[in-house]
Amino acid sequence: MRKHRPLRPSVNPSGWLALLAVALVVALLLVSRDASSAPPTSRANGLSAFGTIAIVVTNPRCLNCHQADRPLQGDDRHAHIPRVERGPDNLGAVGMRCTGCHSLHANNDSSDVPGAPNWSLAPLSMLWQGLSPGALCQALKDPARNGKRNGAALMEHMGKDKLVGWGWNPGQGRAPVPVPRSELVKAMKTWVAAGMPCPDEVVMNLPSDAAGALGKEPWSH
Amino acid sequence: MPVLPTVRPTRRQVLQGGAAAAGALVLGTYVTLPRRAFAQAAPAPINYDPNVFLRIGEDDSVTVLSKHLEMGQGVSTGLATLVAEELDAKWSSIRFEHAPNNPTKYANLAFGMQGTGGSTSMANSWEQMRKVGAAARVMLVQAAALRWGVAPAEVEVEDGTILHRASNRKSGFGLHASAAMALPVPTTVTLKDPKAWKYIGKRVPRLDSKSKTTGKAVFAMDFKRPGMLTAVVRRPELFGATVARVDASAAMKIPGVVEVVQIPSGVAVLAKDTWSAMRGRDALRITWDTKNAETRSVEDMLADYRKALSAPGLVALRRGDAAKGLTRATKTVEGEFTFPFLAHAPMEPMNAVMERTPDGVEMWGGSQLQTLDTNVAAQVLGLKPEQVSIHTMFSGGSFGRRANGASDWTAELANIVKAMKARAPVHVVWTREDDIRGGFYRPLALHQVRAGVDDAGQIVGWHHQVASKSIMIGTLMEPFSVKNGVDSTTVEGIVDTDYALGDLTVEAYNQKTAIPVLWFRSVGNNHTAFVMETMMDELARAAGKDAVLFRQALLAKDPRAVAVTKLAAERAGWGAPVPPGKGRGFAYHHSFGTRVAMVADVSLVGSEIRVERVVAAVDCGVAVNPDLVVSQVEGAVGFALSTVLRNRITLNGGRVVQGNFNDYEPTRIWEMPRVEVHIVPSSEAPSGIGEPPVPPLAPAIANAVHALTGQRLRSLPLAPVNSSV
Amino acid sequence: MVTLNINGTEHVLDVDPRMPLLWALRDRLDLVGTKFGCGRAQCGACTVHIDGEAARSCSIRVGDAVGKSITTIEGVTGKVAQAVQKAWQDIDVVQCGYCQSGQIMSAIVLLAAKPAPTDADIDSALAGNVCRCGTYVRIRKAIHQAARELA
């Protein structure tokens with residue numbers, strides 16, 4: 001069970017300054033129901049921005065490879081055909097290396113096999129399958145799990161990385177990430193500026209298939 | 001086996017048939033005669049002239065000309081074995097080549113024309129090819145005797161050596177070969193006593209293993225001619241649609257593309273290499289006339305089939321009185337069974353090469369019905385059949401696809417050659433998508449069955465209805481396979497069941513669709529056996545009897561059937577407790593002259609069925625090469641397993657949904673069960689093995705699933721299973 | 001112009017660098033042992049070795065194969081290849097044979113990396129090689145036999 005950070009920083013309730021601080025926070029929270037009128041780095045804006053980020057990272061183009069042992073495939077997230085597995089170095093089993101079929105340069109228009117630099121399963125620490133929105137958020141920002149990235153590095157990764165970028169140019173028969181990359185970059189900025197807030201176990205308004213994907217069983221063999 | 005009268009289609013029939021053949025054809029006896037016919041020797045006179053079937057080189061090599069297509073089933077090794085046995089050849093000197101196309105010299109004696117199918121190759125060649133070897137041996141002995149000036153009776157042949165012990169002379173075959181082949185063919189020959197067999201009944205290594213493991217075996221796909229162009233064809237996405245308008249301007253701009261021609265089956269792009277042709281095809285812009293196209297979904301079609309069953313059908317068999325019998329039933333089992341369209345999907349997609357010659361044309365292809373292909377090509381090109389020379393190549397699998405009453409892929413190639421005026425050799429290539437979407441499927445089929453048992457556990461009535469498109473109606477086979485409107489392939493496996501069903505009514509309902517259908521390894525049996533054997537299981541339960549014993553009682557009149565079921569049950573440990581988490585199921589089926597019993601052990605992984613082991617017992621008469629028989633049973637399991645678990649062709653607005661191995665996925669190595677094969681020792685003439693192991697697999701698995709979960713699955717592919725017992 | 005190193009020989013080809021390596025091998029160089037089965041990396045009939053790894057030549061552009069060492073069925077050599085081909089022949093693995101070049105190329109890579117593969121290793125390594133004739137039982141047997149020979 002993951003520990004959830006409390007919704008607001010713990011406050012020593014002693015003293016009138018503390019009371020004022022609490023009142024201020026409460027007032028801000030009440031006001032920040034409407035995110036657009038609240039300061040840009042407010043928690044509410046940050047959470048709203050995370051909603052956008054979550055849509056991106058749980059869409060098939062990303063989530064299909066953020067799996068435990070076997071990637072998923074396609075917009076319908078079926079188990080990868082032919083059967084492949086992580087292997088000891090994230091690059092596939094002997095004889096079935098990712099690069100045996102997937103190009104490290106670009107999608108292949110003749111075979112319709114997608115390709116991009118560093119094509120592989122995401123590291124196990126970046127396993128997002130089956131995570132609740134809150135847990136997903138924690139995983140994204142935890143340097144121990146996200147490749148030792150701080151907020152700035154995360155923004156760089158989401159904004160510039162070529163493998164991530166493949167999600168917007170996935171080739172024939174695959175829907176691109178439904179949020180433009182520029183919007184993702186904006187959302188990342190907002191979220192990071194807001195201190196990378198994470199939702200409690202509040203159900204985010206994610207597309208139904210993403211919610212399904214979060215709970216979907218990896219194909220078992 | 002009687003010789004059927006020749007049939008000459010009228011010119012009008014030929015033209016209307018589109019791909020019909022001119023000339024005399026005697027066809028289809030194998031589909032109408034009782035299965036027992038396969039085990040019988042072909043009637044005299046059989047052509048066993050060694051000059052037709054053998055070539056002996058000066059280097060002592062013996063090349064057997066195979067009249068049958070080697071498509072993996074091992075027939076080339078099998079035929080050569082028969083020859084080598086009676087010839088007393090050394091196996092290492094044996095080679096094989098595919099025979100040229102000739103409808104009489106190289107006729108399948110069961111068909112009356114050249115062709116491979118119906119698991120008839122070894123059966124029809126059994127006597128013939130041994131006689132070829134025996135005749136050649138006699139002629140070699142005579143030639144040697146003449147050369148050595150000794151009495152033929154003193155000349156022996158052993159393991160490729162001809163010897164005259166008295167004078168201490170010996171040689172290989174090569175020295176005497178040309179003299180021998182010029183001698184008259186003996187009018188009678190004596191075949192060896194089985195006790196003397198060296199090769200028959202033993203494991204003899206395949207003749208094609210070496211070339212197929214070193215990349216040297218040449219398939220039609222690999223064959224090239226100077227100046228050859230590669231053609232890929234855009235065919236309609238909707239079956240029954242035709243080309244309305246073509247804009248080839250973009251296609252012609254693709255580098256390597258040289259010509260675009262319209263043909264009856266679509267539009268062909270010709271290019272200097274395969275990839276360019278494919279790219280050129282992608283650039284075609286075609287408008288289609290879809291007024292005659294099939295647009296129903298599979299569910300729509302099944303609904304139509306279901307509706308049809310509410311009226312009386314064509315009676316395929318009425319034995320006793322099923323309706324009356326059923327009134328005496330104390331327990332009734334009834335159900336509806338559905339089977340999807342299936343694509344054969346051989347590893348080598350359809351393809352062939354054709355080139356004009358001064359005399360006519362030559363074709364290189366995995367030709368399975370050479371006589372039909374010859375006649376169709378001739379008809380398209382306005383040639384005489386003798387002007388069409390077919391070089392039969394190794395076929396990268398067929399499973400029925402390369403044998404086609406309409407010779408579809410040959411006709412298409414001939415039409416391309418005709419359209420571009422034969423100015424260059426043409427290699428027509430089908431992509432995998434072309435193959436999966438190209439029709440000629442195992443027909444969609446729907447069965448409804450009602451059967452019952454009485455208090456004594458006897459089956460008292462069986463009423464069986466089958467709806468599907470006829471494979472044979474509208475083809476050249478029709479006169480031989482369709483009687484009173486009933487296509488025998490729709491009801492085979494039911495009407496000819498080995499079970500003693502005294503009150504059996506079988507009705508057939510021929511459904512119409514523009515989707516072309518074809519025989520798919522084991523033909524009607526691949527769905528009828530599923531119904532028969534799952535019904536048998538349910539009736540055994542209703543009767544409170546063991547599944548195997550129940551069947552054996554009904555097979556009592558056929559000792560070979562009983563023996564094969566006993567062998568499978570014994571070797572599978574039937575009756576012993578099955579380990580927890582596993583289910584065990586049994587099935588028996590007799591097709592193409594061969595009886596097969598199977599026991600399948602299954603488990604579940606989540607809701608997915610995992611087949612862990614298949615134990616098979618086979619009675620195919622003399623197993624000419626037991627190892628090849630085993631490989632065919634193993635292979636049938638591997639081939640058919642994916643049809644049991646997941647394969648189906650579905651339609652969306654008439655368009656085939658599937659396109660390649662990702663959505664029409666064949667069996668993979670990781671799901672292949674252990675397969676144990678036991679061959680019943682027999683001295684009967686060989687029957688077939690290519691197809692017979694397919695039908696019992698699906699019901700054995702379904703019965704095992706029922707044993708494990710209590711769920712009775714009545715459709716293929718088997719739906720995901722509710723894992724609660 | 002593209003230079004490819006195939007079976008130890010350099011070939012200069014005037015070819016679109018986007019052409020799949022499979023078609024360059026088959027149509028330009030007459031190396032027809034490598035087969036076309038599906039064109040989308042689903043069946044493994046097109047398997048070659050690129051720098052010692054199994055690769056589906058239908059899904060490798062010629063341009064991306066430049067500077068690599070490409071081996072086809074016609075050019076496999078060495079102890080492992082010999083053991084594999086011999087085991088395949090001893091056991092009569094093949095039926096139609098069309099998939100077997102690819103199966104063998106994958107088996108060689110497996111045995112080179114794992115001299116004593118388990119059934120699970122075999123299943124993983126050959127999961128991408130389809131055989132419609134169902135020779136899988138014998139493929140497994142042959143790989144085990146080759147492993148024993150090489151030991």
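How many residues of domain 1 of chain C are in contact with domain 2 of chain C? In this predicted model, 14 residues of domain 1 of chain C touch eleven residues of domain 2 of chain C.

Let us begin with the two domains themselves. The domain assignment places domain 1 of chain C at residues 2-75 and domain 2 of chain C at residues 79-150. Taken over C-alpha atoms, the centres of these two domains are 21 Å apart.

Now look at the side of domain 1 of chain C that touches domain 2 of chain C. Strand 3 (47-50) and strand 4 (53-56) of chain C each contribute at least two residues to that side. Strand 3 of chain C gives the largest share, three residues. By residue type, that side divides up as follows:

| Type of residue on the side of domain 1 of chain C that touches domain 2 of chain C | Number |
|---|---|
| nonpolar | six residues |
| polar | six residues |
| charged | two residues |

Strand 1 (residues 2-6) of chain C pairs with strand 2 of chain C in the antiparallel sense, over five bridges. As one example of this pairing, C:N5 has C:E10 in strand 2 of chain C as its bridge partner. The two strands form a hairpin with two residues between them, and in this hairpin C:N7 takes a positive phi near 50 degrees.

Is strand 2 of chain C largely buried or largely in the open? Strand 2 (residues 9-13) of chain C lies largely in the open, because the number buried among its five residues is zero.

Notes:
Residues numbered from 1 in each chain as written. Chains lettered and ligands numbered in written order. Predicted model: local features only at pLDDT ≥ 70, side-chain atom pairs only at ≥ 80, totals over all residues. Domains from an automatic or database assignment. Contact = placed C-beta atoms within 7 Å. Helix = DSSP H or I, 4+ residues; strand = E, 2+ residues; numbered from the N terminus. Nonpolar A, V, L, I, M, F, W, Y, C, P; charged D, E, K, R; others polar. Buried ≥ 20, exposed ≤ 12 C-beta atoms within 10 Å, placed from the backbone. Pairing = 2+ DSSP bridges.
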